[in-house]
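Subject: Handover of the structure

Hello,

I am passing the structure on to you, with the sequence and the model below. My notes on what was found follow it.

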Amino acid sequence: MLESLKSFLEPSVARTPGEANNQLWALIYVLIIFAGVSVAVMAMNWLERKALAHFQVRLGPMRVGPHGLLQPIADAVKLLIKEDIIPSEADKFVFWIAPLIGLLAAFTVYTVVPFGPSQAVSDMNIGILFMLGVSSLAVLGVVMAGWASNSHYPLIGALRSSAQMVSYEVAMGLAVVSAILMTSLHGMGLYGVSKLSDGTGTLSMIGIVQAQQEQHVWFLFKFFPLGLIAFVIFAIAMIAETNRAPFDLPEAESELTAGFHTEYSGLRWSLFMLAEYAAMIAVSSIAVTLWLGGWLRPFPNLLAGSAWDFIFALFPGLTFLGLGAVAFLGTARMPKHPYFKIQTIGLAGFGVVLAGIGIILLAIPIAAKVSNHTLLNAATTTLLNVYWFVAKVAVFMYLYIWYRATWPRYRFDQLMRMGWKVMLPISLGVLIVTAIVGVLL
Amino acid sequence: MTPVATPFFFYMLSGFAILGGLLVITRKNAVHSALALIVTLLAVAGLYLMLYAPFVAGVQIIVYAGGIMVLFLFVIMLVSLERTVKERQFNRIWPIGLLASCALLALFLGVLAKGKTLFEGRPIPPLTESNNTQQIGLMLYGNYMFAFEIASLLLLVAILGAVIMAKKRI
Amino acid sequence: MTEIGTLHYLVVAAALFVLGVIGVLTRRNVVIVLMSIELILNAVNLNLVAFSRMWGNLHGQVFSIFIVVDAAAEAAVGLGILIAFFRNKETINVDEIDLLKW
């Protein structure tokens, strides 16, 4: 077993565990993704409450940990120890299985999400088709949750939510198809790269990012403004898919008493929230892969050369050092009162941890540049790929929170009208024009 | 990619498919039947993957499990009455139906037993699923272009028909 | 038995087909009858894809895509008819839908 552990780490054979037929490493990748997504969901929960609060000129959670950093843990503990209430006339089996289906659909998408040229659990040839199919299974969870609760608010909320999700899936699929179309059309990159030989396109996620790498352009900027319009349509559709503001009528508290998960309490409700945040991160990862160049760093061709490579390689360390500096600034601004001693020490410790991670992440590229050891080089490239991918997804997460704070909610008929009468024709138009432009150029 | 543990996956997936089929035709509650049908559809999609047909598997999951079953669940929620769960579930003539189905099964088994010799000596070669989607695309827009257009016309007619049938006032 | 050949897939498809036929012939609930029809169509699809694999070309897979499209259209129209009928007579049992007989 140790041989199969080590044989996969050979830097010369860079393949995904799926290609290498290595079940052990596939399992390890899956566990890493589980842990990573869970930590990301907790961080997202904290960030949402703090960012929403600051948008609304208030402070948000401040008591539980320093600046509310332990609030997600307190929330999780509260939800776990709550009483599990099931309505008396509810269909017990369907009531039990509905959050699991939502969770399954949200987490299975991560099987194809690529964090690097060989860092995906399994790079299927039909990667994007798989992702579209699995995210369409989430609708089933919502419908069953609403029906099994045997109460009219959840039923109406579930019907509205599933109608919304199904409507925006069509526009999402068409936007994805126009991005796939761009993988095989090699004309007009960002800097006017002329037509290379038109290869065949690909549906595999790693292949899409590699197509962006070969064509020297992120698909966001390709055939400008077609890529941008397709990206905007996907961005709007993915907000509607995950039932987030401004499309959160089915779960808005003032409208429908929390919609399809009204009758769920405690651990089951936390499963729904976990599924929602995980689905948000999953579709953001898909958007990043399809349009924003996945794991590629910004300006690989305009600012090329080993000097610029080294400067961009310092970004992960500098990011964490910056976060540590912000934590130390917060420590300095804490009130000087004995009640706040523990919080001050906690925040300072958190700052030390962040700065320590930053120093380690700075040391790896510097050591790789100095010594040029193959293992350190491989570690640097992996670190940079994962870092750029996660940074882009983090930007999307912040945008989600920003939209929630800024925009009012769509009424349901406005929502459906927009999905069918605005998004679908625009995405069809983008697809047709992309095909025509790609063939002509 | 070399296939691994093929008999295990085949028997597991076909077991799920047949178990799901059994549950579809025997459950009192229509929603339970719909859930069992979803299990069957996903198991059949897995069988398509084993037959090196990834595109058909993807289409099965997106269209069947993600679209048609949502439609079924919507309609079940719209038309289900409480009294239907307590009523008689099977027809009055169910022995005749069962007999006819057994005759059909016997016919199938007879044909399969007689034709077993046709399948020997023709082993299924392993295949790389490298460009299945591209080749299906070439065939759909090449040989089967006419059928493709007619299928889209069929879908248009079906959309119109379903909307008009379900409207309250035409 | 250890070598999974085409015949194994055909047996599974035949079993699904017979289960679908039993469902159509014996159930009273119209929605379950429609779901059994979907079972039958899936059995046919499995047959087609298995044969496509055996012969090594893709005609079977393309035909099965058309069958999926057809099944979607048929499910939509069938359920539309069911809703229209349910509005007139509040029942979804096939042996009570006998309005031609006064």
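This is a predicted model: local features need pLDDT of at least 70, side-chain atom pairs count only at pLDDT 80 or more; totals for chains, interfaces and linings use all residues.

Pro316(A) sits in helix α13 of chain A, which covers residues 315-332. Leaving aside residues up to four places away in sequence, Pro316(A) touches Leu361(A), Leu383(A) and Tyr387(A). Leu226(A) is 90 residues from Pro316(A) along the chain, and their C-alpha atoms are separated by 32 Å.

Some backbone points in chain A

Most residues other than glycine have a negative phi, and most peptide bonds are trans.

- Phe223(A) has a positive phi, near 50°. The residue lies in the loop between α8 and α9 of chain A, and Phe223(A) counts as buried, with 24 C-beta neighbours inside 10 Å.
- Phe224(A) and Pro225(A) are joined by a cis peptide bond, with omega about 5°. Pro225(A) is placed in the loop between α8 (205-214) and α9 (226-241) of chain A.
- Val57(A) has a phi near 55°, again positive in a residue other than glycine. Val57(A) is in the loop between α2 (23-55) and α3 (71-80) of chain A. Val57(A) is exposed, because 6 other C-beta atoms lie within 10 Å.

Helix α11 of chain A

This helix runs over residues 267-291 of chain A. At 1.5 Å a residue, its 25 residues should span 36 Å, and the end C-alpha atoms are 36 Å apart, which agrees. Of the 25 residues of α11(A), 20 are buried, so the helix is largely enclosed by the rest of the structure. Just after α11(A), Gly293(A) takes a positive phi of about 80°.

How the chains meet

Which chains have the most contacts between them? Of the 2 pairs of chains that touch, B and C have the most. Chains A and C share no contact, and their closest C-alpha atoms lie 14 Å apart.

The contact of chains B and C takes 67 residues from chain B and 59 residues from chain C. On the side of chain C that touches chain B, the elements giving two or more residues are α1 (6-26), α2 (30-55) and α3 (59-88) of chain C. The largest share of that side, 21 residues, comes from α3(C). By class, the side of chain C that touches chain B divides into 41 nonpolar, 12 polar and 6 charged residues.

Within this contact, helix α3 of chain B (residues 54-79) packs against α3(C) at an angle of about 5°, with the axes 11 Å apart. The two helices, α3(B) and α3(C), are therefore roughly parallel to each other. Among the residues that meet here are Val63(B), Gly67(B) and Leu71(B) in α3(B), and Val68(C), Ala72(C) and Leu79(C) in α3(C). The contact of α3(B) with α3(C) has 19 nonpolar, 4 polar and no charged residues.

The contact of chains A and B takes 20 residues from chain A and 22 residues from chain B. On the side of chain A that touches chain B, α5 (127-136), α6 (138-148) and α7 (152-184) of chain A each give two or more residues. The most come from α5(A), with 5 residues. That side of chain A has 13 nonpolar, 6 polar and 1 charged residues.

Domains of chain B

The domain assignment of chain B gives domain 1 (1-84) and domain 2 (130-170). The C-alpha centres of these domains of chain B lie 22 Å apart.

Regards

Note on methods. Residues are numbered from 1 along each chain as its sequence is written. Chains are lettered from A and ligands numbered from 1 in the order in which they are written. Two residues are in contact if their C-beta atoms, placed from the backbone, lie within 7 Å. Helices (H or I, at least four residues) and strands (E, at least two) are DSSP runs, numbered from the N terminus. Ala, Val, Leu, Ile, Met, Phe, Trp, Tyr, Cys and Pro count as nonpolar, Asp, Glu, Lys and Arg as charged, and the others, Gly among them, as polar. Domain bounds come from an automatic or database domain assignment. The expected span of a helix is 1.5 Å times one less than its number of residues. A residue is buried if 20 or more other C-beta atoms lie within 10 Å of its own, exposed if 12 or fewer, and partly exposed in between; C-beta atoms are placed from the backbone. Axes are lines fitted to C-alpha atoms, for helices over the stretch in contact, and angles run from 0 to 180 degrees between N-to-C directions. Angles under 35 degrees count as roughly parallel, over 145 as roughly antiparallel, 65 to 115 as roughly perpendicular and the rest as oblique.
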